[in-house]
Amino acid sequence: MPALLQYAKRGVDALRRDRSTETVRGASPGTHLQLWVLVLAVVFPVAVAVIVSTKETGVVTSLGDLLPGSYAVENYREALVDYRFGRFMWNSLAMSLVIVVGKLVVSVFAAMAVVYYRIPYKDLVFLFILFTLLLPVPVRFVPLFQLMNDLGWSNTILAITVPYVASATTVFILRQHFLSIPASIVETAKLDGVGPLRFMLFVLLPMSKGVLVGVSIIMFVYAWNQYLWPLIIIDSEANQVAQVGLQLLQGDVQGGQLSWSLVMAGSTLTLLPPLLLMIVFRKPLLKTFNIQQK
Amino acid sequence: MSTREIFDSRIESGLLLLPTLVVSVVFLYYPTAMAVRTSFFDSSFGQADEFVGLENYAALVTDSAYHSSVLLSVLFAAVVVAGVMAVSLYLTFLIHEVDTGQGVYLISVIWPYALPPAVGALVFLFIAHPTLGVLTGPIEALGVDVDWFNDGPQAFVVVALAAIWKQIGYNVIFMIAAMNNVPDTLTETARLDGVSGLRRLVSVYVPIMTPTLFFLVVINTIYAFFSTFAFVDLLTSGGPSNATNILIFDLYQEGFSFFNFGVASAKSVVLFLVVGALMLVQFRVTDEYSYYGA
């Protein structure tokens, strides 16, 4: 009996050794299998949403019901037109584009001043900008709501864009990138007598394309996914954004007037813009994240 | 660095900084100051503010429901941070190990970075719905009675799972960059020494990745405290019986369901202190490990 155990143990050891020599050469099939399972888990909820958005009703009570239906066109049309999701998407797009362009211009200006200008108390100015990291929307939405009422901006696109335009993160990332542009190039530009506007347009921006794309994607995803602030400050359906529009659709489901397949169509629509941008521009995006962390 | 300061017009630098500074003052600093001021007043709709000193804070100190919300938020953050980081670290490790299909695996697990929380919440509501959910059948087959509309702990788990799922993408983005920075020679040495699989992750990679992991702990904690609002709002509305009433949702209700702006402002100030403390920790930690990054 002990001999048999010995034999079995040797067998197991041999198997172990096989596996470890395999990892020296490359990943074992087990690694791929585990990845497949985990990827499936991460993708599954959204895959269900997309499938359900093509079905007649949203009733999917068993895994066997997860076959695509033939109501895709019908459902998306109904969501976009009858439930005004087209309008919500448009509002979200307008909000996100205004925030992205506004933030980009304003932050390039600020970062250029911080890096290329001789300013008294420069560190203090930069600190003043960085300190706003401590003041995210959740900390100040109550007084911001009152401020918007006083300004008469409630329920307008101004309310959901202007407060986002100052961005410590973007200024910081751009500053880091500007500091990585060789000083010799900057000095050459100076010797050539290049003015600030031409320096920005013909030296700085062309050398920053990747980072500008990267921060734009980060800003777009951030802006598009805003939920709490529009929920509070926008109170008419005509001006509402897609994130909160989803909540309105869901309310209709609870009320029994609407099928889940429409909510999933709305969800899929709301997911698409940030997802596509991220996939298309993943390379500059990942590079920009690398800068942020340093 | 001083060689980069090629311009010295005070007016130009002032104009470049102006937009960022004005927006910061008007929409970030001023509302925060207002929150501090209002926290000393009895303030709600349609009545004049009345100065009450520290009464709002005193109310928070004695309010047992608020204490539960604080504890709940800490527990929720702990679960979400631990969950996100464990899953993401393991996923990153698997992706790091394989030598084919890395790009495809990477994009199929980092995409939730772009996922709008509102979409994530609705999709989870649908797949885990107590009566309609696709997953409800299989989970009940395991002997669990899915009843999270009425069962507090179950609701907590559902919200936490949804929040973890959404944050995996962001974490893998940073972890893969950190893991790719581990010198190949170190990996080879570990492999030749027979340190395989998980042991290599825990005793070789994790120590080298500490700066990134600390950074992510802080970012994930802030995420769990503040950016999970949409999950709570759409999945549970803080219920059942406050089982998912984390601070940010509690603050929203105080302000916009009960319109107690005084108490809500005191709660905002508390949240500000939370963000401040977390940022301070991050600065300290980044300082301590800064020579690693270079």
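**Figure 1. The largest nonpolar core of the predicted model.** In this predicted model, the largest nonpolar core comprises 166 residues. Those with the most contacts inside this core are Ala110(A), Ala121(B), Leu122(B), Val159(B) and Leu235(B). Helix α7(B) supplies the largest share of the core, namely 18 residues. When neighbours within four places in sequence are left aside, Ala110(A) is in contact with Ile129(A) and Val171(A) from chain A and with Leu16(B), Leu17(B) and Thr20(B) from chain B.

**Figure 2. Helix α7 of chain B.** This helix is built from 29 residues, of which 22 are buried, so that α7(B) is mostly covered. From its first C-alpha to its last, α7(B) reaches 41 Å, close to the 42 Å expected at 1.5 Å a residue. A bend of about 35° occurs in α7(B) at Gln167(B).

Figure 3. Helix α2(A) runs over residues 29–52. Because each residue should contribute 1.5 Å, these 24 residues should span 34 Å, and the 33 Å between the end C-alpha atoms agrees with this expectation. At Phe44(A) the helix α2(A) bends by about 45°, and the proline Pro45(A) follows within four residues. The buried residues of α2(A) include Thr31(A), Leu35(A) and Val42(A), as well as Pro45(A), Val46(A), Val48(A), Ala49(A), Ile51(A) and Val52(A). Within chain A, the buried residues of α2(A) pack against α14 (260–280). In chain B, they pack against α3 (64–97), α4 (102–110), α5 (117–127) and α7 (152–180).

**Figure 4. The contact between chains A and B.** Chain A contributes 84 residues to the contact and chain B contributes 75 residues. On the side of chain B that touches chain A, helix α1 (residues 10–38) gives the most, with 15 residues. By class, this side of chain B holds 52 nonpolar, 16 polar and seven charged residues.

Figure 5. Glu56(A) is placed in the loop between α2 and α3 (72–82) of chain A. Is Glu56(A) buried or exposed? Glu56(A) is exposed, because 12 other C-beta atoms lie within 10 Å, and a residue counts as exposed at 12 or fewer. Apart from residues up to four places away in sequence, Glu56(A) touches Gly69(A), Tyr71(A) and Ser261(A). Pro68(A) lies twelve residues from Glu56(A) along the chain, and their C-alpha atoms are separated by 9.9 Å.

Figure 6. An unreviewed UniProt entry places the feature "domain: ABC transmembrane type-1" at residues 70–282 of chain B. In the model, that span is 76% helix and 0% strand, with its end C-alpha atoms 21 Å apart. The UniProt annotation "transmembrane region", also from an unreviewed entry, covers several segments of chain B, among them residues 12–30 and 201–226. Residues 12–30 of chain B are 100% helix and 0% strand, and their end C-alpha atoms lie 25 Å apart. Residues 201–226 of chain B are likewise 100% helix and 0% strand, with 31 Å between the end C-alpha atoms.

**Figure 7. The fold of chain A.** Chain A contains 15 helices and zero strands. Of its 294 residues, 42% are buried. Among contacts in chain A between residues at least 6 apart in sequence, 74% join residues at least 24 apart.

Note on methods: Residues numbered from 1 in each chain as written. Chains lettered and ligands numbered in written order. Predicted model: local features only at pLDDT ≥ 70, side-chain atom pairs only at ≥ 80, totals over all residues. Helix = DSSP H or I, 4+ residues; strand = E, 2+ residues; numbered from the N terminus. Buried ≥ 20, exposed ≤ 12 C-beta atoms within 10 Å, placed from the backbone. Contact = placed C-beta atoms within 7 Å. Expected span 1.5 Å × (residues − 1). Bend = angle between axes of the 7 residues up to and from the residue. Nonpolar A, V, L, I, M, F, W, Y, C, P; charged D, E, K, R; others polar. UniProt positions renumbered as here; feature names shortened; annotations may be inferred. Core = buried A, V, L, I, M, F, W, Y, C linked by C-beta atoms within 7 Å.
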